Amino acid sequence: MSVLLVLLLVVPLGSALLVLLLPAARGPRGEPLVRTIGVSAGAVTVLVSLLALTRRPWSSTDAVLEVDVPWIPGLGARMHLLLDGISAPLVVLTAVLGLLVVVLVTSGASSPRGSRGLVACLLAVEGGALATFTAADLIVFFVAFEVVLVPMWAVIRWWGDPHDERGRRDAATRFILFTAGGSVVLLLGLLLVVAASGTTDVVALVSRQGDGISQPVQLTAAVLLLLGLAVKVPVWPLHTWLPPAHTAAPTAGSILLAGVLLKMGSYGMVRFVVPVVPDGFARVSPVLGALGVVGIFWAGLACLVERDLKRLVAFSSVAHMGFVALGIASGTPQGLQGALFANVAHGIITSLLFLVAGGLKARYGSADLRVLLIGAGGGLRDRSPRLGGMLVVGCIAGLGLPGLAGFWGEFLAVYGAWQADPVSTGAPQGFWRTLAALAVLGTVLASAYLLRVLRRLWHGELEDGAAPTEPDVELVRSAQGAPSDAAHVDPAMLESGARAAPHLPRDLRPGSRWRRDDASPVEVVVGLPLVVLSIVPGLLPWLLLATTEPAVRHLLAVDRGFV
């Protein structure tokens with residue numbers, strides 16, 4: 001039994017329970033104790049995940065760490081956990097993001113200071129996600145998959161936007177209904193695989209490569225599994241729960257939702273669908289690839305007209321996860337490598353963007369792009385260079401600029417689709433190459449909407465060069481809670497940004513006491529690692545590709561490499 005793998009799960013889950021049950025953690029006096037437990041648990045989990053990477057050379061297809069003990073003998077289920085090249089990057093990503101959100105929350109930078117319940121929920125989500133990424137038994141995977149739902153629902157429902165009670169309630173309800181509904185379909189698919197194969201052990205199922213499961217059963221199981229997992233990715237048109245959830249969630253919740261929970265669906269496709277029911281997956285893969293490309297375009301067009309920054313980043317997640325779906329659908333080593341790389345890159349980049357979006361909303365009372373621009377009295381370049389700098393890195397990395405993390409995953413996913421086998425998938429080569437070409441065009445939309453955000457927030461330019469109007473100023477006052485009868489503001493004076501400050505009402509002036517203009521020390525501490533991680537994988541992609549390649553080749557039962 002691997003002690004490190006056990007610690008990886010026990011530390012966050014045990015700490016979550018400890019925070020809830022420890023009597024001394026109640027009340028204001030318990031805030032330092034909650035902070036100590038939460039941050040310590042997050043730091044230990046990161047340390048354990050990094051130590052796990054040093055255990056064995058990544059050129060091997062064997063598991064780096066493994067636990068396999070009896071769990072439910074009557075069902076033949078075992079507590080089988082493993083860490084290999086496919087799960088390791090997501091485990092490290094989850095551990096890092098788990099630590100960062102706890103630091104953010106316990107600092108009081110984004111949520112009620114020392115919130116005992118919120119810290120416990122975040123640690124529970126982290127522990128459940130780590131169990132999901134290391135599960136090597138179908139029943140263990142499903143249970144771990146479900147563990148994260150209730151605490152994430154609570155994060156959205158109870159610690160979301162404090163000014164929109166109805167929005168929090170509706171978003172949380174939609175989240176739980178969609179994800180629970182997807183879980184029912186997923187469970188049916190898992191039970192069908194178990195009934196047809198006679199085992200719940202994923203290692204045994206992968207080694208068989210579908211042998212012993214008839215083609216009709218494989219097809220039915222693949223459809224059920226993909227439908228259940230597609231809700232969590234989310235794949236268009238099963239994505240409608242995501243924008244409201246991100247809009248209502250606190251910053252820490254949005255980071256975990258985008259950086260961790262969305263990866264559980266795509267990871268499940270790679271680990272439990274592609275190698276377990278390969279014939280059935282090959283028949284369904286053209287539909288998955290087509291839906292992924294539709295999502296790239298649909299979400300990109302939505303981002304072009306979206307005014308709310310948090311919703312814009314949420315819709316961009318649908319577009320980026322469309323590349324992940326396309327890479328998985330290709331069924332090629334290159335495509336799966338691209339999907340795994342894009343998973344990690346998206347988790348880093350989108351977490352950085354949500355950190356900035358949450359910080360701006362906290363300062364100006366709204367995530368509306370026009371409110372942010374006018375309320376700041378000019379662009380972030382001059383007013384908030386640290387916060388604006390993080391926004392620039394996130395946007396440039398998100399549009400897939402070579403040399404940054406967002407490039408390699410999308411490139412390999414498109415290349416994998418271009419190389420897809422028409423014989424095994426039943427779709428002509430022209431179909432796959434058309435999807436690849438359309439996905440490339442989708443990157444143009446990403447450039448358009450992300451550069452639009454930079455133009456408005458970094459440079460401080462309104463659309464078409466128009467000057468702010470009096471309704472715009474009233475919108476800012478409303479978002480910031482200012483009285484509607486505040487002194488009249490000459491809209492023309494807002495054009496000059498900070499120079500207009502003497503003419504603004506006191507509650508709108510730059511540097512007023514009710515807000516901090518630039519990134520706080522805690523936001524810098526949380527944002528700096530995300531900035532670094534947005535750059536390093538782009539410059540040194542082999543660090544990630546060399547880790548995942550042997551495991552991908554093992555899943556697909558191929559011998560040739562491509563790194």
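## The second largest cavity

Let's start inside the protein: Ile296, Ala319, His320, Phe323, Gly398, Leu399, Glu410, Gly442, Thr443, Ala446 and Tyr449 line the second largest cavity. Here a cavity is a set of points on a 1 Å grid over the protein atoms alone where a 1.4 Å probe fits but cannot get out, and lining residues have an atom within 4 Å of a point. The space in this cavity is about 50 Å³, a volume being the space filled by probe spheres set on the points, which are joined across faces, edges and corners.

This is a predicted model, in which local features need pLDDT of at least 70 and side-chain atom pairs pLDDT 80 or more, while totals for chains, interfaces and linings use all residues. Residues are numbered from 1 along each chain as its sequence is written, and side-chain values use heavy atoms, without hydrogens and water.

## The largest cavity

The largest cavity has a volume of about 160 Å³. Of the 17 residues lining it, His320, His346, Ile349, Gly398 and Glu410 lie nearest its centre.

## An aromatic cluster

Elsewhere, Phe133, Phe141, Phe145, Tyr267 and Phe272 form one aromatic cluster. Rings of Phe, Tyr and Trp (its six-membered ring) pair if their centres lie within 6.5 Å; planes under 30 degrees apart are stacked, over 60 edge-to-face and the rest tilted. The count comes to twelve aromatic pairs. Phe141 and Phe145 have ring centres 5.4 Å apart and planes at 45°, so this pair is tilted. Tyr267 and Phe272 are edge-to-face, because their planes stand at 80°, with centres 6.3 Å apart.

Key:
On a 1 Å grid over the protein atoms alone, a cavity is a set of points where a 1.4 Å probe fits but cannot get out, and a pocket is an open set with protein on both sides within 12 Å along at least five of seven lines; lining residues have an atom within 4 Å of a point.
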